Amino acid sequence: MFVTQLQSFFWVARLGSITLAARHLGLSQPTVTTQIRALEAHYGVELFHRQGGRLTVSGEGLQLLPQVEVLLLRAVEVESALRHAGDGSQGGQLRIGATAPYYVLDIVQRFAQQYPRVQVSMVSGNSQQMGQALAAYQVDLATSSTPESDPRLLRLELGQDPLALLVHRSHRLARRPSVDVADLAGETLILREPGSVTRRLTEQLLADAGVPPGRVLEIASREAIREAVIRQMGISVFARHEASAHPDLVVLAFAGSVPHLPEYLYCLHSRSQAPLIAAFLAASRGRPSTTPH
């Protein structure tokens, strides 16, 4: 109970909102409020100033924040160590973060065949979000298109693909064998959200060619972008392997040299020898793993 109370205090202080903290923790707002008030009452301290329905962290709360952050991180490390203590034969949990499923799903399939008792969960997001989730111990491994150089991270390259253009089959470009970047001038271009490597490379591709899009429509998931192209709301640039087959979609190669989108698998070096993480790394290298060490 003490740790959960500290979690509520920490995330309300960090996010500045009981609503956002409750959403982050998966709790109700009254539960978060009750935990903070119980902590304050037990120790006779005011962690927040309450004025007109707004919360501001008190001086005492600000002094405690760094220590609470260290304690919560240690608690997550202990919980992670317990989840990965076994060799997978009796179960366990492994959390994967993925910017795109196309490479990592093959690895998950190999891993699941070898460790059928291990529960694997996967969340998605852009490269920036996956890096943050990994650093915060919210996932055990993460894929990303960003080549991080942080020495705390172990990085494996899973593959890379050139950028390609995704259009509806009735689009004026659909029957061409390939397209030039200049052909995108004046088109409605559907882009991922800021923080996406695909978006950054697309904008770089256009800038290098001096081609302004006619209009930009921002959508924060690949699946939704594909649906938008199917509905003829615009065209989009994808990594070639991400553009899954659909009878209404056509994938066109760009003529000439274009950026390639890599995909990397990351974990923290300090956790790379945890049994289940080590087993997943072995699966990602395409080799079997017995009892990982």
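Trainee: Which helix is Ile18 found in?
Mentor: Ile18 belongs to helix α2. Keep in mind that this is a predicted model.

Trainee: Which residues does Ile18 contact, leaving aside its neighbours within four places in sequence?
Mentor: Val12, Gln29, Val32, Thr33 and Leu55. Contact needs heavy atoms within 4.5 Å.

Trainee: Which residues make the contact of α1 with α3?
Mentor: α1 gives Phe2, Thr4, Gln5, Leu6, Ser8, Phe9 and Val12. α3 gives Val32, Gln35, Ile36, Ala38, Leu39 and Tyr43. They divide into nine nonpolar, four polar and no charged.

Trainee: How many aromatic pairs does a search of the whole structure find?
Mentor: Six.

Trainee: Why is the pair of Phe10 and Trp11 called edge-to-face?
Mentor: Take the distance, then the angle. The ring centres are 5.1 Å apart, and a pair needs centres within 6.5 Å. The planes stand at 85°, and edge-to-face needs over 60 degrees. So the pair is edge-to-face. Phe10 and Trp11 are both buried.

Trainee: Which residues do ring pairs link into a cluster?
Mentor: Phe111, Tyr115 and Phe280.

Trainee: What makes the charged end of Arg155 sit over the ring of Tyr264?
Mentor: Distance is one part: the charged end is 4.8 Å from the ring centre, and the cut-off is within 6 Å. The other part is direction, within 35 degrees of the ring normal. Arg155 is assigned as sitting over the ring of Tyr264.

Trainee: Why is Ala142 called buried?
Mentor: Buried means under 20% relative accessible area. Ala142 has 3% relative accessibility, so it counts as buried. Its place is in strand β5 (residues 141-144).

Trainee: What does Ala142 touch, not counting residues up to four places away in sequence?
Mentor: Gly97, Met130, Leu134, Tyr264, Leu265 and Tyr266. Tyr264 is also the residue whose ring lies under the charged end of Arg155. Ala142 and Ser127 are 15 residues apart along the chain, and their C-alpha atoms are separated by 9.0 Å.

Trainee: Why is Arg175 called exposed?
Mentor: The cut-off for exposed is over 50%. Arg175 has a relative accessible area of 83%, so it is exposed. Look for Arg175 in the loop between β6 and β7 (178-179). C-alpha to C-alpha, Arg175 and Val250 are 8.6 Å apart in space, and 75 residues apart in sequence.

Trainee: What makes Gln232 exposed?
Mentor: Its relative accessibility is 53%, against a cut-off of over 50%. Gln232 therefore counts as exposed. Its place is in the loop between α8 and β10. Gln232 has a positive phi of about 60°, although it is not a glycine.

Trainee: Which residues of α8 are buried?
Mentor: In α8 (residues 222-230), they are Arg222, Ile225, Arg226, Ala228, Val229 and Ile230. What covers them includes α5 (101-114), β6 (153-168), β8 (188-191), α7 (197-209), β10 (235-239) and β11 (249-254).

Trainee: How many helices and strands does the chain have?
Mentor: Nine helices and 12 strands. Of its 293 residues, 46% count as buried.

Conventions. Residues are numbered from 1 along each chain as its sequence is written. This is a predicted model: local features need pLDDT of at least 70, side-chain atom pairs count only at pLDDT 80 or more; totals for chains, interfaces and linings use all residues. Side-chain values use heavy atoms; hydrogens and water are left out. Buried means under 20% relative accessible area, exposed over 50%, partly exposed in between (1.4 Å probe, protein chains only). Helices (H or I, at least four residues) and strands (E, at least two) are DSSP runs, numbered from the N terminus. Rings of Phe, Tyr and Trp (its six-membered ring) pair if their centres lie within 6.5 Å; planes under 30 degrees apart count as stacked, over 60 as edge-to-face and the rest as tilted. Ala, Val, Leu, Ile, Met, Phe, Trp, Tyr, Cys and Pro count as nonpolar, Asp, Glu, Lys and Arg as charged, and the others, Gly among them, as polar.
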